[in-house]
Amino acid sequence: VYGKMSSSVKSKFDLSIGGFVRLDYAYNSQNLGAAGFVLPGKTGGSVPAVGTPGYKQDQSEMSARISRFWLKVAGPTFLGAKTNALIEADFLGGGASNNEEGNLRMRHAYGTMDWPNTQILFGQFWDMFAPAAASTIDFRQGSSFGTPNSPRVAQLRLTQKLNFNKDNYLKLVLGVQNPAADQQAIAATVVNSGNVPNVAGQLMFVSNALGVAPGFYGMSMNSLQAGLFGLW
């Protein structure tokens, strides 16, 4: 009646589960408030006011909220393209008052269709307007604000590679993305979105001849690149 009950069940989608557990310790010579472990140098907000006893204190903090969890899916081919998807989260979501209440935050959630030199991406991914992520010791890099500004935004993008040789290629990126101003609350008194999506693009020359820089803060660095990018 039930068929082969002992046979394994496998769909046409290959699912991988991953992430990492990370514990951070930070010592700050000034009390930076509850966010001191991840936002060194932050001013205002939860930082004690100048002249108060808390302002004159140093600080020692530990947190595991940067730990991450992700799901990757490799789907079937479609129109000759490989299909893939990724959902990635950490525990730095807003509204948490302490480590025990670390809220899940969506970092990336996107699907792709990949041909040899062409990719269509839809979902939430790095902002097209900020492809240059220079090395930094500022832990704010990789969040939705910092220097350089590199937020993750909802978007639909097309990427085309033009290969010159095995080490050098031209990358063309064009797409539309969320028009809302990042980190602004949606309120009647705040005009933070337009009536059309933002149009963004990149024209980048990429060279692998010098190798790839080491990654930092969970982000992989790019090879040497030079080009133009903008947003309208």
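Predicted model: local features only at pLDDT ≥ 70, side-chain atom pairs only at ≥ 80, totals over all residues.

Me: Why is Gln155 called buried?

Reply: Its relative accessibility is 7%. Buried means under 20%, so Gln155 counts as buried.

Me: What makes the approach of Gln155 to the side chain of Arg157 a polar contact?

Reply: The contact between the two side chains is at 2.7 Å, and the limit for a pair of N or O atoms is 3.5 Å. The side chain of Gln155 also has a polar atom 3.0 Å from the backbone oxygen of Trp126.

Me: How many helices and strands does the protein chain have?

Reply: There are zero helices and eleven strands. Read from the N terminus, the order is therefore β-β-β-β-β-β-β-β-β-β-β. Of the 232 residues in the chain, 32% count as buried.

Me: What makes the pair Arg22 and Asp24 a salt bridge?

Reply: The N to O distance between their side chains is 2.9 Å. A salt bridge requires a side-chain nitrogen of Lys or Arg within 4 Å of a carboxyl oxygen of Asp or Glu, so the pair qualifies. A search of the whole structure finds six salt bridges.

Me: What of the salt bridge between Arg107 and Glu88: which parts of the chain does the pair tie together?

Reply: Their side chains meet at 3.2 Å, N to O. Arg107 belongs to strand 6 (residues 103–114) and Glu88 to strand 5 (residues 82–93), so the pair ties together parts 19 residues apart in sequence. Both Arg107 and Glu88 are buried. They also belong to a network of salt bridges that links Arg68, Glu88, Asp90, Arg105 and Arg107.

Me: How do you know that Asp167 and Lys166 form a salt bridge, and where do they stand in accessibility?

Reply: Their closest N and O atoms are 3.2 Å apart, and the cut-off is 4 Å. Lys166 is exposed, with a relative accessible area of 74%, because exposed means over 50%. Asp167, at 23% relative accessibility, counts as partly exposed.

Me: Why is the aromatic pair Tyr110 and Phe125 called edge-to-face?

Reply: Two aromatic pairs are found in the whole structure. In the pair of Tyr110 and Phe125, the ring centres are 5.0 Å apart and the planes stand at 65 degrees. Centres must lie within 6.5 Å, and planes over 60 degrees apart count as edge-to-face, so the label applies. The pair links distant parts of the chain, with Tyr110 in strand 6 and Phe125 in strand 7 (residues 118–126), 15 residues apart.

Me: What makes Lys161 a charge over the ring of Tyr169?

Reply: The charged end of Lys161 is 4.3 Å from the ring centre of Tyr169, and the distance limit is 6 Å. Likewise, Lys72 lies over the face of Trp70, 4.4 Å from the ring centre.

Me: Where does Phe205 lie, and how far is it from Lys161 in space?

Reply: Phe205 lies in strand 10 (residues 198–212). Phe205 and Lys161 are 9.8 Å apart in space, C-alpha to C-alpha, and 44 residues apart in sequence. Phe205 is partly exposed, at 34% relative accessible area.

Me: Which residues form the nonpolar patch on the surface?

Reply: They are Phe122, Leu156, Leu174, Val176, Val199 and Trp232, with about 620 Å² of accessible area together. Leu174 is found in strand 9 (residues 168–177). At 55% relative accessibility, Leu174 counts as exposed, because the threshold for exposed is over 50%.

Conventions:
Residues numbered from 1 in each chain as written. Heavy atoms only, no water. Helix = DSSP H or I, 4+ residues; strand = E, 2+ residues; numbered from the N terminus. Buried < 20%, exposed > 50% of the residue type's maximum accessible area, 1.4 Å probe, protein only. Patch = residues over 30% accessible without salt bridge, like charges linked within 9 Å, V, L, I, M, F, W, Y side chains within 5 Å. Areas by Shrake-Rupley, 256 points an atom, 1.4 Å probe, with all protein chains shown as cover. Phe/Tyr/Trp six-rings, centres within 6.5 Å; stacked < 30°, edge-to-face > 60°. Lys NZ or Arg CZ within 6 Å of the ring centre and 35° of its normal. Polar contact = N/O pair within 3.5 Å; in protein donor to acceptor, adjacent residues only side chain to side chain.
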